[in-house]
Amino acid sequence: MTTSILKIGFDAKRIVRNGTGLGSYGRTLVNDLSKFPIELRLYAPDEGRADLRDQVSHKENIVFSVRKHHFLGGKTPFSALENAYWRSRGILKDLKRDGIQLFHGLSGELPFGIHKSGIKSVVTIHDLIFLRHPEFYNPIDVKLYTWKFRRTLREADHIIAISECTKRDIIEFGGTDVSEDKITLIYQSCSPRFNTSQNYKTSNLNSKLGRYVLSVGSIEPRKNTMLALKALHHLPDDISLVLVGRHTAYTDKLIQYARANGLEHRLHILHGVPDAHLPAIYADAECFVYPSVYEGFGIPIIEAISCGLPVVACTGSCLEEAGGPDSLYVAPNDAIGMANAIRRSLKGADDREERIQRSMDYIRRFSGTDVAGQVVDVYKRVLG
């Protein structure tokens with residue numbers, strides 16, 4: 001290497017556009033990496049959302065490299081197709097221009113030809129749900145994602161899997177395109193703003209809605225939120241279910257079920273919630289439910305535990321890895337089991353506080369500096 005300071009490039013599209021999920025992963029990791037003596041350059045096709053950019057540290061070793069808009073008789077932003085081409089091919093010119101030594105694809109993708117460019121690469125693969133449960137996806141998307149996955153395996157110098165579950169899936173579905181020694185398991189970390197030591201301003205939801213159980217994330221069939229809604233039948237009448245997520249066709253199904261079963265007044269769906277408000281919404285809940293059929297990791301579980309909540313989740317993927325032995329787990333089709341687990345997690349339930357404390361001890365393994373240190377070790381190994 002020509003300098004003692006590593007120059008690492010990142011695909012920052014999700015960092016500036018996605019409020020949760022892949023966006024949270026990228027922002028938290030970059031902020032944690034900024035504590036190390038490395039230069040971090042974030043490549044984004046556009047400026048994205050100002051509130052999300054503001055969540056990225058303003059340290060001098062973090063530099064945004066935003067693709068500039070072009071002008072055709074006036075201000076005309078690049079089209080989605082042009083941006084997709086830039087992320088898949090054109091970005092290599094920018095990486096070479098800036099002297100990037102290693103590029104980290106934060107969302108399972110790498111640019112075409114990076115393996116032959118002389119720039120080393122690491123890719124984080126979050127999940128392979130499209131292969132494990134293709135019924136939740138459009139068949140054309142399954143083919144496209146599968147093609148990208150196999151190409152990425154061939155391009156990457158090294159792969160980070162965010163859970164043991166995801167690592168097993170990469171090995172199983174990757175076949176001859178990947179070897180186990182090319183994969184390192186590094187769990188996600190949680191943003192420090194989700195922490196009981198923070199002085200949250202109340203969300204006022206509990207004063208408006210009364211006692212509520214919370215679920216945060218995309219509202220789609222795979223997330224299996226209907227299970228939590230059906231569990232309300234078996235819970236005290238003063239318990240509501242609050243969902244935080246974007247409105248989808250599945251949202252309409254939940255609303256229709258609630259209306260048909262006399263639960264409409266106990267289902268509350270919040271859209272467009274500013275990311276900064278989430279910690280208070282967590283903190284005012286009585287417990288957190290995550291009934292997803294399949295996940296790559298489940299960072300909302302870590303966020304909830306960090307905010308002092310007990311967690312109820314489903315078996316069958318990686319959620320036990322995220323929540324640890326003191327969270328409660330039920331089968332993805334067991335509404336009565338879900339209700340019983342929620343009842344055991346409401347305020348006043350036996351052993352509730354002790355389970356919360358043990359869960360908080362468990363998630364210390366996902367602390368930011370430990371995660372970032374492991375990622376830096378991967379960078380150094382790849383660069384030799």
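Let's start inside: Ile219 is buried, with a relative accessible area of 2%. Buried here means under 20% relative accessible area, exposed means over 50%, and partly exposed is what falls in between (1.4 Å probe, protein chains only). Before going on, note that this is a predicted model, where local features need pLDDT of at least 70, side-chain atom pairs count only at pLDDT 80 or more, and totals for chains, interfaces and linings use all residues. Residues are numbered from 1 along each chain as its sequence is written, and side-chain values use heavy atoms, with hydrogens and water left out.

Back to Ile219, which sits in the loop between β10 (211–216) and α9 (225–231). Those labels come from DSSP runs, numbered from the N terminus: helices are H or I runs of at least four residues, and strands are E runs of at least two. Which residues does Ile219 touch, if we skip those up to four places away in sequence? They are Leu243, Gly245, Arg246, Thr248, Tyr250, Thr251, Leu254 and Ile269, where a contact means heavy atoms within 4.5 Å. Take Leu243: it is 24 residues from Ile219 along the chain, and the two C-alpha atoms are separated by 8.1 Å.

Strand β10 belongs to an open sheet of six strands, in the order β12-β11-β10-β13-β14-β15, with parallel pairing. Two strands count as paired if DSSP finds at least two bridges between them. At the edges stand β12 (267–270) and β15 (328–330), each with a single partner strand, so one side of each has no neighbour in the sheet. From one strand to the next, the twist averages 25 degrees. Helix α10 (residues 249–260) packs on this sheet and touches β11 (239–244) and β12, its direction making about 160 degrees with that of β12. Axes here are lines fitted to C-alpha atoms, for helices over the stretch in contact, and angles run from 0 to 180 degrees between N-to-C directions. Elsewhere in the sheet, β13 (residues 287–290) and β14 (residues 311–314) run parallel and are joined by three bridges, with Phe288 opposite Val311 in β14.

Now look at helix α14 (residues 335–343), where Ala335, Gly337, Met338, Ala339, Ala341 and Ile342 are buried. What covers them? The cover includes β10, α9, β13, β14 and β15. The N-terminal end of α14 is capped by Asp334, which has a side-chain oxygen 3.5 Å from the backbone nitrogen of Ile336.

Another set of parallel strands is worth a visit. Four bridges join β6 (residues 102–105) to β7, and Gly105 has Val123 as its bridge partner in β7. Strand β7 (residues 120–125) is largely enclosed by the rest of the structure, because five of its six residues are buried. Four bridges also join β7 to β8 (residues 158–161), again in parallel; Thr124 is partnered with Ile160 in β8, and Ile125 with Ala161. In a regular strand, side chains alternate between the two faces of the sheet. In β8, His158 and Ile160 point one way while Ile159 and Ala161 point the other way, and all are buried. Next along, β8 pairs with β9 (residues 183–185) in the parallel sense over three bridges, and Ala161 has Leu185 as its partner in β9. To get from β8 to β9, the chain crosses through helix α7 (residues 164–174), and this β-α-β crossover is right-handed. That is, with the strands pointing away from the viewer, the path from the first strand over the helix to the second runs clockwise.

Finally, the charges. How many salt bridges does a search of the whole structure find? There are 26, each being a side-chain nitrogen of Lys or Arg within 4 Å of a carboxyl oxygen of Asp or Glu. Asp94 and Arg97 form one of them (3.3 Å, N to O). Both lie in helix α4 (residues 80–97), three residues apart, about one turn of the helix. Asp94 is buried at a relative accessible area of 17%, whereas Arg97 is exposed at 54%. This pair also takes part in a network of salt bridges linking Glu39, Arg41, Asp94, Arg97 and Asp98. Arg151 and Glu155 form another bridge, with the closest N and O atoms 3.9 Å apart. They are four residues apart in helix α6 (residues 139–155), which means about one helical turn separates them, and both are buried.

Definitions and conventions:
A polar contact is a pair of N or O atoms within 3.5 Å; within protein, one must be able to donate a hydrogen and the other to accept it, and residues adjacent in sequence count only if both atoms are side-chain atoms.
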